[in-house]
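Take a moment to turn the model around on your screen before reading on. We'll start with the whole fold, then look inside it, and finish with a few single residues.

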Amino acid sequence: KARCAEPGGDISTCQFSSTDLSYIQQGERALQRALSILQHPPSWQAEPVLDAGAAVSSAVLPGLGRVFRVEAVLAAPLGWLHRQLFEELEQMPRWNPTLSRVEVLQRPGEDTLVTHEVTSASPVGRRDFVSVRHRRRTQAAVYLVGTATRLERLPAQEGCIRAETRLSCIALQPLAGDPGCTRVTWLLSVDLKGWIPSAVTDRVLPRCQADFIGHLRRHLSATARC
């Protein structure tokens, strides 16, 4: 049994193991770091990407290295995007071909997951990630954050390099005047590990973010036709 903070800031007694509580705290720390970046933005530099529907920029931040930010408006309500990106996370490889598998390993709390993601083959090779994912829902937005964690019972997968997400945060906000559309802001800092020059990483990551938005748009279109 551990004492934990309720969303309103009150402290209540919750049935969490020390391990579960540590995951929740990791997620909350990642959230606070992301909120600090969103609320006090650095000087972003535009990144050249071949996707007019997504604006990508980057900045170098202490403790994170280069952070990439993608901004886009999607013709989907916030609730639909929230389900695709958190509640139905394991279904993501069905519409995102850059992933071969996503598995929820543990559910430490209602708003926290421990996940294992394996990428598909790519020019920089296959990677796998073990992450804590955490969400915060407010009246103004939904924040979905992720950060690398360790799980002793899950060593690196054969044929994969274990990469680490320093910070990921997807902020979903209803578009003012049009609740059927959502403004998406995604912050991402990743260490791909392996022998990859930083110049290559700095080209690959913004391209991956723009591609992800494209896959999400196509999934939206396919769902709307059904």
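Helices (H or I, at least four residues) and strands (E, at least two) are runs assigned by DSSP, and they are numbered from the N terminus. Residues, too, are numbered, from 1 along each chain as its sequence is written. What you see is a predicted model, where local features need pLDDT of at least 70, side-chain atom pairs count only at pLDDT 80 or more, and totals for chains, interfaces and linings use all residues; side-chain values use heavy atoms, with hydrogens and water left out.

Let's begin with the overall picture. The protein has three helices and twelve strands. Its C-alpha atoms fill a box of roughly 50 × 50 × 40 Å, taken along the principal axes. For 226 residues, a compact globule would have a radius of gyration near 17 Å, and the protein agrees because it has 17 Å. (That radius is taken over C-alpha atoms, and the globule rule is 2.2 Å times the number of residues to the power 0.38.)

How much of the chain is tucked away? Here, buried means under 20% relative accessible area, exposed means over 50%, and partly exposed is in between, using a 1.4 Å probe and protein chains only. Of the 226 residues, 47% count as buried. The protein exposes about 11,800 Å², and carbon and sulfur atoms supply 51% of that. These areas come from the Shrake-Rupley method with a 1.4 Å probe, and for residues only the protein chains shown count as cover.

Now for contacts, meaning heavy atoms within 4.5 Å. Among contacts between residues at least 6 apart in sequence, 54% join residues at least 24 apart.

On a 1 Å grid over the protein atoms alone, a cavity is a set of points where a 1.4 Å probe fits but cannot get out, while a pocket is an open set with protein on both sides within 12 Å along at least five of seven lines; lining residues have an atom within 4 Å of a point. Grid points are joined across faces, edges and corners, and a volume is the space filled by probe spheres set on the points.

The largest pocket has a volume of about 910 Å³. It is lined by 39 residues, and Thr98, Leu99, Thr119, Phe129 and Trp186 lie nearest its centre. Which element gives the most to this lining? That's helix 3, with eight residues. Among the other elements that supply at least two residues each are helix 2 (78-87), strand 6 (99-109) and strand 12 (178-191). The pocket lining divides into 21 nonpolar, 13 polar and five charged residues. For this sorting, Ala, Val, Leu, Ile, Met, Phe, Trp, Tyr, Cys and Pro are nonpolar, Asp, Glu, Lys and Arg are charged, and the others, Gly among them, are polar.

There is also one cavity of 30 Å³ or more. The largest cavity has a volume of about 40 Å³, and Leu85, Ile170, Val184, Trp186, Phe212, Ile213 and Leu216 line it. Strand 12 and helix 3 each supply at least two of its lining residues, and helix 3 has the largest share, with three. By class, this lining has seven nonpolar, no polar and no charged residues.

Seven of its ten residues are buried, so helix 2 is largely enclosed by the rest of the structure. Among those buried residues are Leu78, Trp80 and Leu85.

Finally, some single residues. Strand 12 holds Thr185 and Leu188. Both count as buried: Thr185 has a relative accessible area of 8%, and Leu188 is at 8% too. Leaving out residues up to four places away in sequence, Thr185 touches Leu38, Arg69, Val70, Glu71, Cys169, Ile170 and Ala171. With that rule, Leu188 touches Arg66, Val67, Phe68, Thr165, Leu167, Ser168 and Gln209.

Lys193 is partly exposed, with a relative accessible area of 30%. Lys193 has a positive phi of about 60 degrees although it is not a glycine. Most residues other than glycine have a negative phi.

Over in helix 1 (residues 18-39) sits Gly27, which is buried, with a relative accessible area of 1%. Gly27 touches Val132, His134 and Val145, again not counting residues up to four places away in sequence.
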